[in-house]
There are 4 protein chains.
Amino acid sequence: MTTRSDMRVWENPNGQAGSDLDIALAAWVSTGADTRDHSDAAVRGLIRYLMAHRHGTPFEEGYLSVTIEVPIFVAREWMRHRIGSYNEISGRYTELQPVFWVPGPSRGVVNVGSSARPKMATDEDLRSRTVAELTGVYLAAWQAYRRMLDAGVAREVARAVLPVAVYTRFRARLNPRMLMSFISLRIDHPENWYPTFPQREIQDAAELLEAMFAAHWPITHAAWVASGRVAP
Amino acid sequence: MTTRSDMRVWENPNGQAGSDLDIALAAWVSTGADTRDHSDAAVRGLIRYLMAHRHGTPFEEGYLSVTIEVPIFVAREWMRHRIGSYNEISGRYTELQPVFWVPGPSRGVVNVGSSARPKMATDEDLRSRTVAELTGVYLAAWQAYRRMLDAGVAREVARAVLPVAVYTRFRARLNPRMLMSFISLRIDHPENWYPTFPQREIQDAAELLEAMFAAHWPITHAAWVASGRVAP
Amino acid sequence: MTTRSDMRVWENPNGQAGSDLDIALAAWVSTGADTRDHSDAAVRGLIRYLMAHRHGTPFEEGYLSVTIEVPIFVAREWMRHRIGSYNEISGRYTELQPVFWVPGPSRGVVNVGSSARPKMATDEDLRSRTVAELTGVYLAAWQAYRRMLDAGVAREVARAVLPVAVYTRFRARLNPRMLMSFISLRIDHPENWYPTFPQREIQDAAELLEAMFAAHWPITHAAWVASGRVAP
Amino acid sequence: MTTRSDMRVWENPNGQAGSDLDIALAAWVSTGADTRDHSDAAVRGLIRYLMAHRHGTPFEEGYLSVTIEVPIFVAREWMRHRIGSYNEISGRYTELQPVFWVPGPSRGVVNVGSSARPKMATDEDLRSRTVAELTGVYLAAWQAYRRMLDAGVAREVARAVLPVAVYTRFRARLNPRMLMSFISLRIDHPENWYPTFPQREIQDAAELLEAMFAAHWPITHAAWVASGRVAP
């Protein structure tokens, strides 16, 4: 049995298409012009305008395919974003692996905010006791899972015993507009115009995604930051 | 701590609108006619035609709002249907209740089919041992959850220990087209033209939903059955 | 042949479900509480909170089914809103009616703004000349349409001659979240936090829709206005 | 003024990602296996299985961005497909070009089928009279459009006079699942399991799209044809 605290997101091979220029070209269709200044300055000016005026559809030009490894409780939050395509490992078709999440050293485990606006504070003693509690149950659950499988119980029944901390893996496909929508809700960032209170773990995953977004669409990313990180 | 085997789906107050006639009226917009035979026979004829020719959009007329109580492993399958609206109890905002799923007496626990086409057979001895295994871990998980909460651990951290068998509750809104899509994939029925191999628990929930669908849209339901239970 | 300037939107019989309270009940699922203060004050407080924090999904509880009569150039803008369900009269299945749009007396016909931020000014002389130009072509188009149909030309071919000003009719189904998204983009209102520059005719239709939204969901409507008419 | 009969669809630069193998990789996530036979035979076997069992989500892996030039009456049909992203030339922001559709020599203009199942027969004499009727109105409409613009009438008003035969241009982004859904409804093909009766012009456009689909995803295309051209 393994315990981890990190979230993983990586790009799939052949899983990226489009650029800031392509977003601009999509928007320029509106005015039907054939000859255009395609310089970065022109693209930047247009994209800032689109962002400020909430013209969202040109940001649906582009594609990113990623694989995600996170605990089930994070996958559950992620897949509430319906404008996306998912394929996930199945606990009916395959045996799950004994990898479980525990809070790492920097992870606050005490809520010193309110219920609706949680704010976590660290407490190393409490964290280590929490890890012990979690690990004890994970081990018992895993052993029960294995015993049931070995006794001939179907996977779809035996898996019921596994905690939501067990890691799952899925593939997701997103366009830049979806990326902005996801990240704006899942990262609590000082430059956000709208407050959001995501759980730390999905924020960790969203930060990995934001780095990919910024790498492939740097002008769009900068304009979105300048517009308060609000998805158009 | 409580264990259960049943799935629950019930209609929300004020949560239903539309009828077979409304679906027909939506379709009749296409031909722009103002005077119409609104008899059941006319509605039935039209709806059969729409179903057989896969004219899907008129079946988006109508609305059903329901509440669902199922284990997390069933909720996860349900929410993969993206054409729907959901609100679910949050393990961050509230303490979850100690209610867990176990396989009931009639529930097959041995897969005598293949991995891709599971087929469950009952085995009472194995089932009762499974219930014992599951219940043991549920109790340990629940006690750890309570101890962590009592020690001041944040709900969003403590919940990681809970098995996917814990019951959750959510609200869903669907139209007749979504109902047909959901049910066609989640019920293994002898009249299905396309085979499907749902897990027993989501099929139980889908059967409750089908009864509501048949009650509110009887002509549509009958036409869909006659068309091999394929969503248009 | 008839000319008109107005847009029409009316509710379909049996085409409404849900209320402000139902939106609140959807949101309260998150905290799982069974006993609740269901007073208007409690509902108002919650809905304001949801709106300010962009918790959008509870506003997907509810349903409104309407019929719309507008020129094709307005229907084209409307149907770019993909989160909606539509059924429209077909120019292939039926003969269209000779009803065409012309700008009415209060309709500005001169753009004194820019291309991206149009602003219309009235000019009665130019408007009446415009009506004459439009009417002349409408009549010629209609006569050609009739002659082609009478000569045996298929409707799907003959309709090609009809201007985009010809009135069409369609049915649309929306929930409160979609209503807010649509109205926020299609009405240029002084209380909008984000500017928008809709064409007058779709704004006329959106205003009819806003009145229905305000009538059925008054608390939600007021909270949305107080939040700068930005859809959550 | 120009008249045309053809539909145009072309791929945008940088507007393609994904392959048959990527679809297979998305599906293989379900079973979590790391080592795989990636041969064409293995991919083909899997994709056939997915298609036959209506496992649709792996076909959402992949991306195609295209530009389309068709008359407005075809664009209206196309954009009823909501699972797609569009950006179109705007008649408010720019002057439209004087290019109009007429039926070409091979285009049947007489409906010898029924209203719901149209079937077109050619009639060269009637076609040439139709072209004359259409062209006459197009010219009158275009001249009125120009006169209004020259007199200072706003584009958004003057465009009302233009027939739905005027060509428009838009960009669309699709994944393989959307491609199959679109093509299955818009091409009347002898191998279709479900009949469909599209208008000739959108079928012409869909055939161009099918060629691109077959070129980029040949195994998926072949499996879809073998499954009666029904989208999974």
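B:Glu133 pairs with A:Arg147 in a salt bridge whose closest N and O atoms are 2.6 Å apart; a salt bridge here is a side-chain nitrogen of Lys or Arg within 4 Å of a carboxyl oxygen of Asp or Glu. This is a predicted model, in which local features need pLDDT of at least 70 and side-chain atom pairs count only at pLDDT 80 or more, while totals for chains, interfaces and linings use all residues. Residues are numbered from 1 along each chain as its sequence is written, chains are lettered from A and ligands numbered from 1 in the order in which they are written, and side-chain values use heavy atoms, with hydrogens and water left out.

**Interfaces with chain A**

Between chain D and chain A, 35 residues of chain D touch 35 residues of chain A. The table gives the buried area, that is, the accessible area (1.4 Å probe) that two parts lose on being put together, summed over both.

| Chains | Buried area | Share from carbon and sulfur atoms |
|---|---|---|
| B and A | about 4,400 Å² | 56% |
| D and A | about 2,600 Å² | 43% |

The interface of chain B and chain A holds 8 salt bridges. Across the interface of chain D and chain A there are 4 salt bridges. A:Glu61 forms a salt bridge with D:Arg171, with 2.9 Å between the closest N and O atoms.

**Salt bridges overall**

Side chains of opposite charge can pair when their charged atoms come close. Over all chains, the whole structure has 84 salt bridges. Within chain A, A:Arg200 is bridged to A:Asp204, the closest N and O atoms being 3.2 Å apart. Both A:Arg200 and A:Asp204 belong to helix α7 (residues 200-216) of chain A and are 4 residues apart, about one turn of the helix. Helices are DSSP runs (H or I, at least four residues), numbered from the N terminus.

**A helix pair in chain D**

Helix α2 (residues 40-52) and helix α8 (residues 218-226) of chain D pack with their axes 9 Å apart, at an angle of about 40°. Axes are lines fitted to C-alpha atoms over the stretch in contact, and angles run from 0 to 180 degrees between N-to-C directions. The two helices, α2(D) and α8(D), are therefore oblique to each other; angles under 35 degrees count as roughly parallel, over 145 as roughly antiparallel, 65 to 115 as roughly perpendicular and the rest as oblique.

On the α2(D) side, D:Asp40, D:Val43, D:Arg44, D:Ile47, D:Arg48 and D:Met51 meet D:Ile219, D:Thr220, D:Ala223 and D:Trp224 of α8(D).

Technical notes:
Contact = heavy atoms within 4.5 Å.
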